[in-house]
Amino acid sequence: MFSLFQQRYKSWFIKDHTADHDITMHKTTEESLRTQAEELRLFYDLPFIGMAITSPENKRWNMVNHHLCQMLGYPKEELVQLTWTDITHPDDLNSDLECLQQVMEGKSEGYVIDKRFIRKDGQNIDTVLQVQAIRKENGQIDRFFATVLDITERKQTEEALREAKLQADMANQAKTHFLSSMSHEIRTPMNIIIGMSDILLDSGLNGSQKYYMTMLRSAGVNLLQLINDILDLSKIEANKLIIREEAVNIRCETQEVINMLKILADRKGLTLRLRIDPRLPEWMISDTVRFRQFLFNLISNSLKFTEFGWVAIDLGQSDDHPPGLQCVISDSGIGIRPENLTKIFERFTQSDTGISRKYGGTGLGLTLIKQLLEMMGGSIGVTSEFGHGSQFHFKLPLRATTAPEQNDSCKEADQPSEKDCHLPPLNILLVEDVEENQILIGIYLESTPHHLTVANNGAEALQQIKRNAFDLILMDIEMPVLNGLQATLLIRKWEKETQQEKTRFIVALSAHSMEGETKQCIEVGCNDYLAKPISKRTFLLALKRYGKQIHPSDRPQEPETPGGKDG
């Protein structure tokens, strides 16, 4: 019977089952659609991003989410009555339209740009706009889907950072300008102090007078070294310090530094000893100024903190592979406490707070030496026993070289020797606005066959040059009316325009001593550069070198008036 019932109502069961299945599928589909709709609604109303659907025909906002309304400051009812071009910043409209045109022409499916919208209250907001084309089955664009991310705060932060960087750069430039000006203002009188001290020391002073003058010159040299240290630290901070590579006579430079500091050692009754390993090459590739600076700072530091006994300098080769230059400076001074050994290379730091009161000093020297050595691929260290002296040791890469073709032996005396008297006399023009410097250079030249004429500024120099044939022009950089750089440019221009057979040899003189100035002087046409203060010996040796370049045949040219100075 059940079988008959099943057969009779088979179709009904099938229909009923199919209907149930259809109802279930319909409910599942509805549920899925509701879920998708809810997910889409949640996505569309994300609280951090604006969304919109716009029309390709009239550029209206067909549909906008709540966050976009908040972002732009419009109620939804007002915003959908506007086109997006209505509230686009005028300066950003063209770029947006160009990108849109690319999509309309089928060259892309969307674009992302930074653009500004204008809020209802008139304020601009920075955004990232992303636009995607939605196409019909036939490929035509049906609408655009756009997302808008407010990046106003990020832009403000970036602008604040740019402004801060600009202010920092301006402050750094102001600092550089200040240091350059201070260098010039301090070095100018230092040039007179050291230069006149050299002259007085050679003027036949008695024993006590010579001793006092030697102390005066030593103090001037120490002050100049402090100025150089401060400037060098500032250059390092600004990444403007240049390390040069040149042939350095190790023995010569070391001996000259010791000769300078022997005055201080003698005054304190200290023995100053030097030992140089005979295996060490005479010449090496390094930076002459920095090498002297290392020695001067470290030896003077040992002399300062040593009351009795000795200071010893040992130059030799390190045990490294390849071997390097090693310099050890030992003393029998006060020593350093173990807990302070790591502090002494810190800026403005001394091993004991009482040290600066008793011995003076800024705490800059060792910091500077460490930074410079590291820049040159070297290193520095110290060992010490408190109360029994210290030992500073530094290393530099050792690259041996041969003597340059033109070099002045370190054994030459401060005064020009008799063998130099046959050198060709030079007709020299000094362009210098400071009367004391004019007098100083004039005194330097009194014992030479050279002839000196003075111009007070670049404009006067230009007139003098057009009237007289000068072999050498000593050109100060910082002058009123027409400065040295401007004057040099005009001289070179005049020489070219008048087709001068021989160009003048121009040497820049400057008390600025800032990195980059040498290059600037050469670029405008100077042949060489001398930094003030200039000692008598340095000046005369430079003249000897210039004379050989100006008159390579070594044939004398008689000046109009031997010696002295013309106004």
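Two strands pair if DSSP finds at least two bridges between them. Helices (H or I, at least four residues) and strands (E, at least two) are DSSP runs, numbered from the N terminus. The model is predicted, so local features need pLDDT of at least 70 and side-chain atom pairs count only at pLDDT 80 or more, while totals for chains, interfaces and linings use all residues. Residues are numbered from 1 along each chain as its sequence is written, and side-chain values use heavy atoms, with hydrogens and water left out.

**The antiparallel sheet**

Strand β1 (residues 50-54) is joined to β2 by three bridges, and the two run antiparallel. Within this pair, Ile53 stands opposite Met63 in β2. Both strands belong to an open sheet of five strands with antiparallel pairing, in the order β2-β1-β5-β4-β3. Its edge strands, each pairing on one side only, are β2 (61-64) and β3 (110-118). From one strand to the next, the twist averages 30°. Angles run from 0 to 180 degrees between N-to-C directions, and axes are lines fitted to C-alpha atoms, for helices over the stretch in contact. Contact means heavy atoms within 4.5 Å. Helix α5 (residues 90-104) lies across β3, β4 (124-135) and β5 (141-150), and runs at about 155° to β3.

**The mixed sheet**

Another open sheet of five strands has mixed pairing and the order β7-β9-β10-β12-β11. Here the edge strands are β7 (271-276) and β11 (379-384), each of which pairs on one side only. The twist averages 15° from one strand to the next.

| Strand pair | Sense | Bridges | Opposite residues |
|---|---|---|---|
| β7 and β9 | parallel | six | Leu274 and Ile313 |
| β9 and β10 | antiparallel | seven | Val311 and Asp331 |
| β10 and β12 | antiparallel | seven | Gly324 and Pro397 |

Strands β9 and β10 form a hairpin, with six residues between them. Seven of the eight residues of β10 are buried, where buried means under 20% relative accessible area, exposed over 50% and partly exposed in between (1.4 Å probe, protein chains only).

Helix α9 (residues 288-304) lies across β7, β9, β10 (324-331), β11 and β12 (390-397), and runs at about 175° to β12.

In helix α11 (residues 365-375), the buried residues include Leu366, Leu368, Ile369 and Leu372. Gly377, with a positive phi near 80°, follows α11.

**A helix pair**

Two packed helices are described by the angle between their axes and the distance between the axes. Helix α13 (residues 458-467) and helix α14 (residues 484-497) pack at an angle of about 25°, and their axes are 9 Å apart. That angle makes α13 roughly parallel to α14; angles under 35 degrees count as roughly parallel, over 145 as roughly antiparallel, 65 to 115 as roughly perpendicular and the rest as oblique.

Which residues make the contact between α13 and α14? On α13 they are Gly458, Leu462, Ile465 and Lys466, and on α14 they are Ala487, Leu490, Ile491 and Trp494. By class, this contact has six nonpolar, one polar and one charged residues. Ala, Val, Leu, Ile, Met, Phe, Trp, Tyr, Cys and Pro count as nonpolar, Asp, Glu, Lys and Arg as charged, and the others, Gly among them, as polar.
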